[in-house]
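Subject: Handing over the two-chain model

Hi there,

Here is the structure I promised to pass on.

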Amino acid sequence: MTAEGSAKHETEHSTEYGTEHKTTYREALREALRDALRADDRVFLMGEDVGRYGGCFGVSLGLLEEFGPERIRDTPLSESAFVGAGIGAALAGMRPIVEIMTVNFSLLALDQILNNAATLLHMSGGQLPVPLVIRMTTGAGRQLAAQHSHSLEGWYAHIPGIRVLAPATIEDARHMLAAALADPDPVLIFEHGALYNASGELHPDARIPDLDRAVVRRAGTDITLITYGGSLPKTLAAAEELAVAGVSAEVVDLRTLRPLDDTTVMESVARTHRAVVVDEAWRSGSLAAEVSARITEQAFYDLDAPVERVCSAEVPIPYARQLEEAALPGTAGIVAAARRVAGPTWSAADGGRSPSDGDGRVS
Amino acid sequence: MAEFTMPSLGADMDEGLLQEWLVAVGDQVHKGDAIAVVETDKAAIEVECFEDGTVGRLLVEPGTRVPVGTSLAVIETGVAPAPAPAPASAPVAVAETETETGTKAEVSSAPDADGRQPPAEPAPAHRPLPVGTAPPREAVAVGPLVRHLAEQKHLDLAGIRGTGRGGRVTRRDVERATATHPRVRVTPYARRLAGELHVDLAQVRGSGELGAVRAVDVRAAARTGPTVLPAPGPPTAAAPPSPTRAPAAAAHAAVPKPEPFRTRPATASPAPVGEDRTAAMRKAIAALMARSKREIPHYYLSTTVDLDTALTWLHTHNNACPVAERLLPAAPLLKAAALAARQVPELNGFWTDGHFEPGDGVHLGVAVSLRGGGLLTPVLHGADTLGLPALMAALKDLAVRARTGRLRGSELTGATLTVTSLVEQGVETVFGVIHPPQVALVGFGAVTDRPCAVNGLLGVRPMVTATLAADHRASDGAVGARYLTTLNRLLQHPEEL
């Protein structure tokens, strides 16, 4: 990872102040940090290698020079200690942003997150809010093997008392941090490692998002594909392929994994009557399971097919490229699941009507 | 062979209690005959069959509650019905509470070729056939292929009526016997849609996985029929007399002057209405009305109609008629409501799945309130095509049977527009709640003498306030206004109704 990080340092400097609108997910995160540090003196960034090294993934590159060691703080290698320190700082009135290198290391801080950050407000009868933001990298797909490829955001989404965000687009990378800092509760932001280099236009009018709402990233009429984070680009690509095959797919980006926005999901399912949930985590006990269960609970009578899930194979994520690709949800798998759920595009009873008017709509 | 299934008697019904059979195995039945009484949350309904044929098997015992779509009986539509379908009457395990006593004697009196007595219990259709068992009694002739298939499918061949030469059980018989057993696979949305579009799911071929019926199949079936919204059944004279119809007819005759359009209870003694029924009906009404107010953006219009011409005409007509054939003001009001719906079809039909589906004909639901509380809306099918005397007669009949709890299935379903009238209740205006999935509801208040301007002078005329509650998703105020002005115009020419 060191090699990866330093390689990025060189490219970073050349593109950082490039064209105004063309940017990357990584730069958008950095701009968000810069904004937050400028806007509020109580905000500071803390984590392993965030200062002199510029962040393991290059997100905080240049911030130490700009804001100084008081506000961009390198920490010892002890997640429990520096997340605990972040909680303490938040209790003392600061607005800390704690970076944990990757989600697997966050398990060392799980006690702090679950037993302190998430509970202190409630244990103190409302006296001790913990306005802490924790950022971390999640996900597989970069040949980092079984110990650095987890998607454990679904575990955190299980915990009441915290908010869990998964920015999947450059806009959300740019603007979710401000909303997270405004939240009086602990907020965990999961940045998918495969997204850092994603580039695109940043719409200048993009606003601070409503963290209570999922969004429809693509409108469609035949099937709803529900996903978040690193699986969004794959799912959008699948929707593109499905469109060629005559299946109009709607793509819902959950964005906030806790609390889940049931309304947007159910409204979409009520329109399309079919759903596939795409989630890079393991299938059993996953967030995909939760979403699927909620659809069955709340939109059962709207369903025209069983809900399917596309998740990672239930194995420790392999190192070998082909094996890793085979273990993760891919566009082809999403397309196949969507076609199973959508069923034959027209029925024999329908007299061979074209697929587009064969279902979903009646003229 | 056709299946007779638990019908959906309204969009809000998903299961029904089979109260009694009006036919027995072997009875000849005709399309439109009432063959069973089904108790819903709202009422006991006589349910008709849709085929001519012979009752082959009764699959569900009276007293059993089953979901909509469950097979209740098999109607043999073939040419020569067997007089006694003997072992074929072994009930198929469709309902958990089903008992099989009816066939016990027959089966146990049939020793097989080994002289062993078959088990005392009737053989359930899915009992595995013991390998090597000799053909049971009457030496059912079975080829090796058929025997093999039957073994594979755990089918008791004694329960199959052969259609081959000499009563042989053929491969098709086995396939048919096994094919009818699994319940129809229907997606939840398709099931809901079938209720809304009045599609009989048993008639729909599924295109989904393992033959599951999907929404697309229901829509296709709705376009091509048949649906559970049949044309009015054949005249009752054509139907074999059934013991349960007699009380209804008697009740009808016993009421000297039924006033179906009023909301006070008729004098006929209603079927016993238990607390359960009342509570269940309240619950059903609550669910439907809450759904209506939750989902339907109502808009309301009203107009006052001068009934002087209509009532004068009615008076003249009634003077020339025997008492029993006299018309009540309800008749021209309903007829005008139906004709206006034909002229403004945007209000006559259903809102399903995000769009308006025009009704196939004008079928008026008429709200009838019951003694002991509650409300039923029997349907006047093709109300726009009935002459006033026929409409009056149909209305009387429906209202009486609604109050005695003897409505038939087709008389409760398929309304494309509902009319509620408080003509006899002494209130001037009723703003109704639309009956989903319909898109409008017409209301009439009391006919009262009111002062009004007539030819530039103050006159006193019999007036009625007609109201329209309509679904703003399906139509706009201009359409509603057109409906009420059409209604008003029609009522000024009662002789043309």
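This is a predicted model: local features need pLDDT of at least 70, side-chain atom pairs count only at pLDDT 80 or more; totals for chains, interfaces and linings use all residues.

Residues are numbered from 1 along each chain as its sequence is written, and chains are lettered from A and ligands numbered from 1 in the order in which they are written.

**The sheet in chain A**

Chain A has an open sheet of five strands, ordered β9-β11-β10-β13-β14, with mixed pairing. Its edge strands are β9 (215-218) and β14 (308-312) of chain A, each pairing on one side only. From one strand to the next, the twist averages 25°. Strands here are DSSP runs of E with at least two residues, helices are runs of H or I with at least four, and both are numbered from the N terminus. Two strands pair if DSSP finds at least two bridges between them.

Helix α10 (residues 232-244) of chain A packs on this sheet, where it touches β9, β10, β11 (249-253) and β13 of chain A, and its direction makes about 170° with that of β11(A). Axes are lines fitted to C-alpha atoms (for helices, over the stretch in contact), and angles run from 0 to 180 degrees between N-to-C directions.

Strand β13 (residues 275-282) of chain A pairs in the parallel sense with β10 (residues 223-227) of chain A over three bridges. In that pairing, T224(A) stands opposite A275(A), and I226(A) stands opposite V277(A). β13(A) also pairs in the parallel sense with β14(A), over four bridges, and W282(A) faces S312(A) there. The chain gets from β13(A) to β14(A) through helix α12 (residues 287-299) of chain A, in a right-handed β-α-β crossover. Right-handed means that, with the strands pointing away from the viewer, the path from the first strand over the helix to the second runs clockwise.

Eight of the eight residues of β13(A) are buried, so this strand is largely enclosed by the rest of the structure. A residue is buried if 20 or more other C-beta atoms lie within 10 Å of its own, exposed if 12 or fewer, and partly exposed in between, with C-beta atoms placed from the backbone.

**Chain B**

Chain B holds 11 helices and 20 strands, and 45% of its 497 residues count as buried.

V423(B) sits in the loop between β17 (417-421) and β18 (440-444) of chain B. V423(B) is buried, because 21 other C-beta atoms lie within 10 Å. V423(B) and G445(B) are 22 residues apart in sequence, yet 4.9 Å apart in space from C-alpha to C-alpha.

**Backbone details to check**

Most residues other than glycine have a negative phi, and most peptide bonds are trans. The bond joining R258(A) and P259(A) is cis, with omega about -5°. P436(B) to P437(B) is also a cis peptide bond, with omega near 5°, and P437(B) lies in the loop between β17 and β18 of chain B.

A145(A) has a positive phi, near 65°, and counts as partly exposed, with 14 C-beta neighbours inside 10 Å. D353(B) has a positive phi of about 55°, and counts as buried, with 21 C-beta neighbours inside 10 Å.

Best wishes

Definitions and conventions
Two residues are in contact if their C-beta atoms, placed from the backbone, lie within 7 Å.
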